[in-house]
Amino acid sequence: MPAVTVENPLVLPRVPVPGEAARDRAVVSLTTAPTGFEGEGFPVRRAFAGVDLRDLDPFIHMDQMGEVDYAPGEPKGTPWHPHRGFETVTYLIDGTFRHQDSNGGGGLITNGDTQWMTAGSGLLHIEAPPEDLVISGGLFHGFQIWVNLPAKMKMTDPRYQDIRAGQVSLLSSPDGGALLRVIAGDVAGNPGPGITHTPIALVHATLSAGAQLRLPWRPDFNALVYTLAGKGTVGDKRRPARLGQLAVFGSGDVITVQADEKESMDVLIMGGQPIKEPVAAYGPFVMNTREELVQAFDDFKAGRLGVIPAEPHPGHDVL
């Protein structure tokens, strides 16, 4: 880990040094993700557990999937399930995952790829390791993030974006101590490939031992930093942070992260423009009102979110 890297970060475009007038964002909360299981039983860390939705807005949910090294026959996924009213972002650091939906969309993502699924008005989908990976086993590590949609976009048509590892924008900190992968949004004038309905930014950064990153950040965006590997500090007051912890930052222009002197640190840095609308969320649906939530369940039960495609059975067709 991670899949996308370079030998010499100094050959990359560099994040500008924040100006003297820039204000550091203070860390207002630091929480530790509880562990659990998802789908057919793969291990996850619930990154947003215990955090007020108003601090996360426009994000709703995030799972760190793995990191786990499966033995042969062990890899697991999720069964068919519905979604409506938001977008799922699946970022795979190690391993391979196959997506399929009731509209005929989907595809295979692997090391460093991202799949951006706008559920919008609703669909059914499945996420599972391919058969050859189930047979062989192997390393699996990634994230799924739920990004809310504003009321006017809740019933937009579903769509997919497959973002390959080689498409992400690569940046370096001024001294080369940190490598940044911009998946979506604009970071210091460098846009990522992800096209978002809700204005957000999503970055995976690797800091070498002892390195510091002071990242300019849009003041109208909130700011979250999740430690996905290693340890270090967050904020200008250098609060200790380790694997599985989420830092929520207050207002300002700059996010500060520093790796431990003896080991590297990997973080997901994300933020977005808060939607500031009521949220009615339950299970696989994220709506604005209880009535819309009830309607989503009714539509699902009535088959209006799609039908699971029939599996082909070669040799069984009779003409």
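**Figure 1. The loop that holds Arg238, between strand 19 and strand 20.** In this predicted model, Arg238 is found in the loop that links strand 19 (223–234) to strand 20 (239–242). Its phi is positive, near 55 degrees, although Arg238 is a residue other than glycine. For comparison, most residues other than glycine have a negative phi. Arg238 has a relative accessibility of 47% and therefore counts as partly exposed, since that class lies between the limits of 20% and 50%.

**Figure 2. The loop that holds Ala188, between strand 15 and strand 16.** Ala188 sits in the loop that runs between strand 15 (186–187) and strand 16 (190–191). Although Ala188 is not a glycine, its phi is positive, at about 50 degrees. With a relative accessible area of 32%, Ala188 is partly exposed.

Figure 3. Most peptide bonds are trans. In this view, however, a cis peptide bond joins Asp57 and Pro58, with omega at about 20 degrees, and Pro58 belongs to the loop between helix 1 (53–56) and strand 4 (59–70). A cis peptide bond also joins Gly66 and Glu67, where omega is about 15 degrees, and Glu67 is part of strand 4.

**Figure 4. The hairpin of strand 13 and strand 14.** Strand 13 (residues 169–172) pairs with strand 14 (residues 178–184) in the antiparallel sense, and four bridges connect the two. Ser172 has Leu179, in strand 14, as its bridge partner. Five residues lie between the strands of this hairpin, in which Gly176 takes a positive phi near 80 degrees.

Figure 5. Pro13 lies in the segment that comes before strand 1 (27–32), and with a relative accessibility of 44% it counts as partly exposed. When its neighbours within four places in sequence are left aside, Pro13 is in contact with Leu170, Leu171, Ser172 and Asn190. Pro13 and Ser173 are 160 residues apart in sequence, yet their C-alpha atoms are 8.6 Å apart in space.

**Figure 6. The chain as the setting for these views.** The secondary structure of the chain comprises three helices and 25 strands. The chain has a radius of gyration of 20 Å, close to the 20 Å that the globule rule gives for 319 residues, so it is as compact as a globular protein of that length. Buried residues account for 52% of the 319 residues. Of the contacts between residues at least 6 apart in sequence, 74% join residues at least 24 apart.

Terms used. Residues are numbered from 1 along each chain as its sequence is written. This is a predicted model: local features need pLDDT of at least 70, side-chain atom pairs count only at pLDDT 80 or more; totals for chains, interfaces and linings use all residues. Side-chain values use heavy atoms; hydrogens and water are left out. Buried means under 20% relative accessible area, exposed over 50%, partly exposed in between (1.4 Å probe, protein chains only). Contact means heavy atoms within 4.5 Å. Two strands pair if DSSP finds at least two bridges between them. The radius of gyration is taken over C-alpha atoms; the globule rule is 2.2 Å times the number of residues to the power 0.38.
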